[in-house]
Amino acid sequence: MDYERSDRGRSAKKLPTAIKLLVAGGFGVGKTTLVSAVSEIRPLRTEELLTDRSLGIDDVAGVEAKNTTTVAMDFGRISVGEDYVLYLFGTPGQERFWFMWDELSAGALGAVILADTRRLADCFPAVDYFERRGTPFIVAVNCFDGARQYEVDEVRLALGLPAPLPILLCDARRRESGKEVLITLVKHAMEVNGKRPASV
Amino acid sequence: MNFNDELPEESWLDDQAGPIVRPYVMTRGRTEPIRGDFDLISLIASIRPVGAKEVGLNPEHLAIVRLCQEPLSVAEVAAHLDLPAGTIRVLLGDLLDRGYVTVQDPQPEVDMRDRRMYEAVLDGLRAL
Ligand SMILES: Nc1nc2c(ncn2[C@@H]2O[C@H](COP(=O)(O)OP(=O)(O)OP(=O)(O)O)[C@@H](O)[C@H]2O)c(=O)[nH]1
Ligand SMILES: [Mg+2]
């Protein structure tokens with residue numbers, strides 16, 4: 001930790017603490033729609049350069065091969081009181097980016113995995129990833145019009161998720177629905193993180 | 001005299017050159033900030049305006065200082081200036097080094113167990 005920098009920061013006005021939440025899921029599942037529905041600002045877009053460290057050693061050059069990929073992310077903001085500000089990142093859905101996700105998910109409080117029941121398998125990579133990483137997550141099933149209304153239990157079974165893990169149906173276009181999704185996530189993160197030993 | 005008139009902007013702001021050459025020129029080829037370690041959600045706030053005599057800062061530095069009169073995250077600064085987050089980090093490092101901005105780091109992982117934080121966030125969400 002860089003204390004010198006922190007000291008300089010503390011001398012100025014009090015800033016809120018920023019908290020990162022992720023909205024993951026397959027292509028076109030409604031991530032940006034959900035972010036827009038709850039954000040206090042028009043969703044913005046930023047580009048981040050991600051490094052693929054999984055490629056390992058480059059035999060020819062004898063150095064670590066670092067491939068980089070630029071990904072674009074939509075994000076929104078929700079101020080909660082004076083002390084906290086939530087940033088909600090709609091993360092790129094393509095499966096091929098999953099191995100680069102550590103940089104994005106570092107420090108995230110939790111993740112919403114959006115699922116579309118017509119293409120439920122699209123959210124497998126996200127479920128696998130957050131399970132492995134230990135990031136608290138919930139599944140929100142975006143109920144597109146005309147899609148077959150699965151029961152939550154069927155989705156749970158299909159994704160192989162244990163009972164305590166919240167799964168809920170939502171409409172990503174509606175603010176109230178998005179609110180419910182986020183509240184469910186934060187409650188779940190409180191449970192999961194509260195049980196962790198003090199040293200993370 | 002208008003500073004902008006002197007810049008050969010057209011030569012590197014056109015569509016073809018834009019995405020790669022422009023950030024490269026802006027950071028003078030640097031890829032790492034000289035100071036600081038900026039998360040996408042690190043909050044940046046300006047401390048003081050840039051003096052007229054300050055040298056070595058480019059228009060994008062000044063734009064950041066203006067933008068961050070209200071605290072903004074690195075991601076927001078990047079989006080508003082339409083530049084990659086990596087470029088913004090380099091520019092922010094310069095500004096931090098010169099004492100123009102302050103940075104508030106995001107919630108550290110150890111505080112993820114802080115119950116009061118969760119209660120405050122839940123209250124805020126319910127009030128939306
Ligand atoms: N009918 C219906 N349409 C929706 C719903 N949610 C999203 N859509 C539409 O589905 C399309 C894709 O939604 P996006 O929010 O862009 O999805 P995304 O996950 O951000 O997509 P990518 O970033 O491209 O992966 C858009 O045209 C939305 O308007 C929903 O709940 N019901
Ligand atoms: Mg999107």
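Buried, for this talk, means under 20% relative accessible area, exposed means over 50%, and partly exposed is in between, with a 1.4 Å probe and protein chains only. By that cut-off A:Arg77, at 17% relative accessibility, counts as buried.

Before going on, some conventions. This is a predicted model, in which local features need pLDDT of at least 70 and side-chain atom pairs count only at pLDDT 80 or more, while totals for chains, interfaces and linings use all residues. Residues are numbered from 1 along each chain as its sequence is written, chains are lettered from A and ligands numbered from 1 in the order in which they are written, and side-chain values use heavy atoms, leaving out hydrogens and water.

Salt bridges in chain A, then. I call it a salt bridge when a side-chain nitrogen of Lys or Arg is within 4 Å of a carboxyl oxygen of Asp or Glu. Over all chains, the whole structure holds 15 salt bridges.

What does A:Arg77 pair with? Its side chain meets that of A:Glu40 in a salt bridge, 2.8 Å from N to O. A:Arg77 lies in strand β3 (residues 67-80) of chain A and A:Glu40 in the loop between α2 (31-38) and β2 (44-52), so the pair ties together parts 37 residues apart in sequence. Helices (H or I, at least four residues) and strands (E, at least two) are DSSP runs, numbered from the N terminus. A:Glu40 is partly exposed, at 40% relative accessible area.

Another pair is A:Asp74 and A:Arg45, whose side chains meet in a salt bridge at 3.0 Å, N to O. A:Asp74 is in strand β3 of chain A and A:Arg45 in strand β2 of chain A, so this pair ties together parts 29 residues apart in sequence. A:Asp74 is buried, with a relative accessible area of 12%, whereas A:Arg45 is exposed at 51%.

Next, A:Asp116. A:Asp116 is buried, with a relative accessible area of 3%, and forms a salt bridge with A:Arg118, the closest N and O atoms being 2.9 Å apart. A network of salt bridges links A:Asp116, A:Arg118, A:Arg119 and A:Asp122.

Now the interface. Chain B brings 49 residues to the contact and chain A brings 48, contact meaning heavy atoms within 4.5 Å. About 4,200 Å² is buried between the two chains, and carbon and sulfur atoms give 64% of that; buried area is the accessible area (1.4 Å probe) that two parts lose on being put together, summed over both. Between chain B and chain A there are three salt bridges. One such bridge joins the side chains of B:Arg89 and A:Glu48, at 2.9 Å, N to O.

On the side of chain B that touches chain A, β1 (43-46), β2 (72-73), α5 (74-81), α6 (85-97), β3 (101-104) and α7 (115-126) of chain B each supply at least two residues. Which element gives the most? It is α7(B), with 10 residues. By class, that side of chain B has 24 nonpolar, 11 polar and 14 charged residues. Here Ala, Val, Leu, Ile, Met, Phe, Trp, Tyr, Cys and Pro count as nonpolar, Asp, Glu, Lys and Arg as charged, and the others, Gly among them, as polar.

Last, ligand 1. There are 13 residues around ligand 1, and A:Gly28, A:Lys31, A:Thr32, A:Thr33 and A:Asn142 come nearest; a residue is near if one of its heavy atoms lies within 4 Å. A polar side-chain atom of A:Asn142 lies 2.8 Å from an oxygen atom of ligand 1. A backbone N or O atom of A:Gly30 is 3.0 Å from an oxygen atom of ligand 1.

Note on methods:
A polar contact is a pair of N or O atoms within 3.5 Å; within protein, one must be able to donate a hydrogen and the other to accept it, and residues adjacent in sequence count only if both atoms are side-chain atoms.
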